[in-house]
Amino acid sequence: MIQIGLVGNPNSGKSSLFNSLTGLNQKVGNFPGVTVDKKTGRCDLGDNLSSTIIDLPGTYSLYPKRGDEWVTYKVLMGQDADVQLDMLILLADASNLKRNLLFVSQIIDLKLPVVVALTMCDMARRKGIEIDIEGLERELGVPVVAVNPRRNKGISQLKKVMAAVARQQYKAPVLDFIPNLDLAAGAVKQVKELVPGISDYKAIHYLINHEHFALPDQLQEDIEQTEKDNQFNPTKTQAEEIMQRYTRIKGIMQQTIAEPDPLRKSLLTEKIDKLLLHRVWGYLILLAVLFLLFQSVFLVAQYPMDAIESAFGSIGSWLGSVLPDTWWSDLVINGLVAGLSGILVFVPQIMILFGLITVLEDTGYMARISFLTDKLMRKVGLNGKSVMPMISAFACAVPAIMSARNIENSKERLLTILVTPLMSCSARLPVFTILIALVVPQELVGGVISLQGLVMMGLYLLGIVMAMMVSWIAKWFIRNREKSFFILELPMYRAPRWNNIFTTMVEKARIFVTDAGKIIMIISLLLWALSSYGPGERMEKVAAEYAALKSSQPERLEELEKEEGAAKLANSYAGILGKAIEPVITPLGYDWKIGIALITSFAAREVFVGTMATLYSVGETDDESGLLLRQKMQQARKADGSKVYSLATGLSLMVFYVLAMQCMSTLAIVKRETRSWKWPVVQFVYMTALAYLMSFLTYQIWS
């Protein structure tokens with residue numbers, strides 16, 4: 001089994017070629033120590049020769065600036081112990097060959113076995129560019145194959161060449177692309193003596209970046225001394241190298257490439273960009289696209305989500321009818337089955353969201369979104385690529401945080417992850433709906449606009465504003481030496497690749513279920529135990545009290561069973577915790593029952609409604625359950641006779657649910673993405689503190 005690295009400039013067609021070579025034989029993980037996708041897949045090259053394809057992050061040159069570029073750089077320099085490449089497939093965009101050939105020439109001078117895959121040839125032809133592939137192959141000294149992975153053209157020829165290179169039928173060029181030794185002759189010779197077997201060009205990189213390599217201390221000191229002895233200047237050497245490479249590239253292009261008059265007619269892509277990147281229309285179109293994206297995720301996913309919930313409800317009811325009334329059956333029904341339901345119910349949103357995002361990426365519009373919003377996002381410490389995760393979080397924060405992987409800068413990615421849950425997800429809707437119905441009158445503002453609708457919109461706007469403020473403050477506290485570069489090439493508009501979209505949807509769903517699902521199940525079982533059990537004396541007393549009532553009042557049996565359930569919950573460990581935190585939440589206008597709802601809804605925010613139904617002894621009966629619940633909540637009174645759900649309390653509770661971190665699924669995925677419990681803890685603490693402060697102010701203002 002040989003290891004083959006897939007490298008190239010961003011937007012050069014790497015993902016398309018990776019999917020074409022590997023099909024569904026793919027795995028997605030992380031490179032060690034960084035949250036950068038490590039995509040690997042199996043590829044059969046024929047004649048009993050199998051390979052593992054590793055899709056490395058895109059980079060423009062061998063001088064890395066961002067975290068993902070460093071990942072690729074260290075692999076190419078042989079500094080990643082987990083990835084030792086036998087060959088490289090180097091993609092080059094035929095429609096922008098001058099820029100791509102810089103990276104190609106650098107890779108060639110590393111003296112690694114290379115196959116150049118020439119992509120975007122159809123785009124080049126549309127631009128009027130003609131390429132002499134055989135001539136280009138002679139000039140570069142490595143095999144060049146034209147491919148179109150979107151249409152599966154040239155793939156069989158590429159595999160044949162890959163197999164030939166693997167059998168060493170092609171040799172690396174004897175001569176360097178440029179005379180690298182002349183750039184720093186003395187220093188290069190000494191480094192090659194210290195590190196035998198490396199090329200002249202690789203020796204230059206040892207001189208420039210040896211501090212970032214895993215080398216013995218003595219070797220580090222020797223290379224450092226070599227720099228001093230030869231007065232090696234990395235900046236001057238790099239500049240001279242780039243100039244020489246572009247001079248040679250210019251000559252190659254004159255001999256092998258025929259380009260049209262620069263005054264050619266604008267392509268369709270350029271005409272569309274004049275509209276989509278317009279300083280006014282561009283933003284209006286962006287808002288329309290994002291609105292449709294959010295509506296599609298919310299509305300389309302609702303049907304499979306309802307089906308999943310209904311299926312698990314039926315399973316729970318069936319198990320309840322066939323299993324004995326014991327503690328373990330309750331664990332199975334209300335612990336395992338309910339926990340599994342809480343995991344799988346997110347899958348439709350994850351699949352639809354990532355499917356639509358992949359459509360935007362494939363068509364080329366995603367890059368335009370990042371370009372349009374970068375200026376605004378950068379002011380608060382984010383960048384243009386932060387927009388999609390934040391917008392996606394209106395449907396669900398879990399897949400939104402997963403999509404933040406597209407942000408290369410680690411600080412901006414972390415800030416995006418930290419503030420994304422402040423966007424009001426669909427799970428908050430049941431809470432907002434019942435609270436608004438409780439405390440906001442059904443009035444029309446100006447005889448047209450619903451007051452309740454305005455309050456709902458205000459809650460969403462509150463989340464957006466607070467996310468921007470938190471990011472602006474947090475950017476001063478999160479230190480990072482990594483400079484932020486927003487280098488973005490606007491790709492050509494293309495039709496989406498449906499096979500790629502399907503593969504992405506399945507893969508993202510699998511990652512969520514297998515990785516985050518484990519943590520969710522554990523917490524679900526813990527919450528079930530806290531809500532089902534309590535101190536023995538308390539629970540026995542409740543059981544004895546209601547047993548006596550059932551004997552004396554058999555006509556009230558159903559009502560008493562509901563009251564007994566509420567009493568047991570109040571005396572469970574979760575209920576005791578609710579009573580314990582009551583002094584803390586009283587300044588917000590909450591009683592102990594709301595306290596229990598705050599605790600139980602940590603499993604999922606929408607659990608608030610179910611908890612209230614249990615606490616107020618209201619069964620889920622037909623279509624009137626919501627109405628009955630609102631009536632009970634409206635009639636609830638405090639010890640002093642005042643309403644529990646006053647306007648002040650209702651608004652305070654809505655603000656709390658906008659800002660508080662009450663979703664274990666989100667915390668689980670944050671832990672997975674940041675590879676540490678530190679940031680989920682920081683996120684939970686700051687969001688809870690912010691929710692408490694703003695809810696307190698809201699209650700005091702409206703009291």
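I count a salt bridge when a side-chain nitrogen of Lys or Arg is within 4 Å of a carboxyl oxygen of Asp or Glu. By that rule K14, K39 and D55 form a linked network of salt bridges.

Ground rules: this is a predicted model, so I take local features only at pLDDT of at least 70 and side-chain atom pairs only at pLDDT 80 or more, while totals for chains, interfaces and linings use all residues. Residues are numbered from 1 along each chain as its sequence is written, and side-chain values use heavy atoms, with hydrogens and water left out.

**Salt bridges**

I find nine in the structure. One of them joins D55 and K39, at 4.0 Å from N to O. D55 sits in strand β4 (residues 50–55) and K39 in strand β3 (residues 37–44), so the pair ties together parts 16 residues apart in sequence. (Helices, H or I of at least four residues, and strands, E of at least two, are DSSP runs numbered from the N terminus.) I checked burial too: D55 and K39 are both buried. Here buried is under 20% relative accessible area, exposed is over 50%, and partly exposed is in between, with a 1.4 Å probe and protein chains only.

Next I looked up R245, which pairs with D109, the closest N and O atoms being 3.0 Å apart. That pair links distant parts of the chain, 136 residues apart: R245 is in helix α10 (residues 234–256), D109 in the loop between α3 and β6 (114–119). Both R245 and D109 are buried.

**A lysine without a partner**

Where is K475? I find K475 in the loop between α20 (451–474) and α21 (498–532). K475 is buried but has no salt bridge; E412, the nearest side chain of opposite charge, is 9.6 Å away. (Lys and Arg count as positive, Asp and Glu as negative; His and the chain ends are not counted.) Beyond neighbours within four places in sequence, K475 is in contact (heavy atoms within 4.5 Å) with K379, V380, G381, K411 and L415.

**Helix α2**

Why do I call α2 (residues 67–76) largely enclosed? Seven of its ten residues are buried, so the rest of the structure largely encloses this helix. The buried ones are D68, E69, V71, T72, Y73, V75 and L76. Their cover includes β1 (2–8), β5 (87–93), α3 (97–108) and α8 (200–209). Just after α2, G78 takes a positive phi of about 75°.
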